[in-house]
Amino acid sequence: MLGFKMQIIEKMINFIEKINKNIGKAACYLIFVFMFLMVYEVIARYFFQSPTIWVHEMCGYIFAAYIAMTGGWVLLEKGHVSVDIIYQFFPRKVKLTADIIVSIVALFMFIILFWQGYKFAWHAFSTNQHSHTLFGPPLWPVKILLPIGSLVFILQILADFGKTILKAKQRRVK
């Protein structure tokens with residue numbers, strides 16, 4: 001029975017990792033949209049003396065989407081900054097304990113970020129908030145990125161936590 005449960009957990013981990021990888025890779029292309037818009041703005045401003053009122057703000061929104069949607073993928077690929085000067089000398093059991101503690105703390109933080117981000121986005125949507133710039137786009141599309149980005153990060157934290165637990169179980173079985 002334990003083997004069947006472990007297979008289900010492994011399938012869920014693989015599914016979450018596939019989601020994060022696909023979302024992350026797709027979001028990476030937003031940087032090209034960002035660069036294109038910035039080049040467009042420079043050309044419009046300096047060559048045609050016709051600056052836009054929308055490019056700067058849209059680039060901020062696009063960059064926010066880029067950051068929010070790639071977080072889970074970066075966690076999957078272990079791309080975040082880590083200080084493992086001391087960690088590398090820990091015995092396996094201490095490393096396992098540290099990984100579990102870090103996962104629980106991160107999960108707690110990102111659940112709060114998801115919850116508060118959802119409230120933040122819902123308020124913007126329900127009150128029809130708009131930017132206070134001349135362009136004035138609605139704010140809910142960019143604010144919804146916070147709970148969505150938090151959710152993909154939470155899923156990846158859970159997947160990493162599941163991998164840590166599976167490693168611990170496999171070591172105990174051996």
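**Exercise 1.** In which helix do Arg45 and Glu41 lie, and how many residues apart are they? Work from the predicted model.

*Solution.* 
- Step 1: Locate the pair. Both residues sit in helix α2, residues 30-46.
- Step 2: Check the spacing. Arg45 and Glu41 are 4 residues apart, about one turn of the helix.
- Step 3: Check the contact. Their side chains form a salt bridge, 2.8 Å from N to O.
- Step 4: Classify each partner. Glu41 has a relative accessible area of 9% and is buried. Arg45, at 37%, is partly exposed.

**Exercise 2.** Find the salt-bridge partner of Lys163 and state which parts of the chain the pair links.

*Solution.* 
- Step 1: The partner is Glu17, with the closest N and O atoms 2.6 Å apart.
- Step 2: This pair links distant parts of the chain: Lys163 is in helix α6 (residues 145-173), Glu17 in helix α1 (residues 2-28). They are 146 residues apart.
- Step 3: Glu17 has 16% relative accessibility; buried means under 20%, so Glu17 counts as buried. Lys163, at 28%, is partly exposed.

**Exercise 3.** Which residues are linked in a network of salt bridges?

*Solution.* 
- Step 1: Start from the total: the structure holds 4 salt bridges.
- Step 2: Name the network: Glu17, Lys78, Asp160 and Lys163.

Key. Residues numbered from 1 in each chain as written. Predicted model: local features only at pLDDT ≥ 70, side-chain atom pairs only at ≥ 80, totals over all residues. Heavy atoms only, no water. Helix = DSSP H or I, 4+ residues; strand = E, 2+ residues; numbered from the N terminus. Buried < 20%, exposed > 50% of the residue type's maximum accessible area, 1.4 Å probe, protein only.
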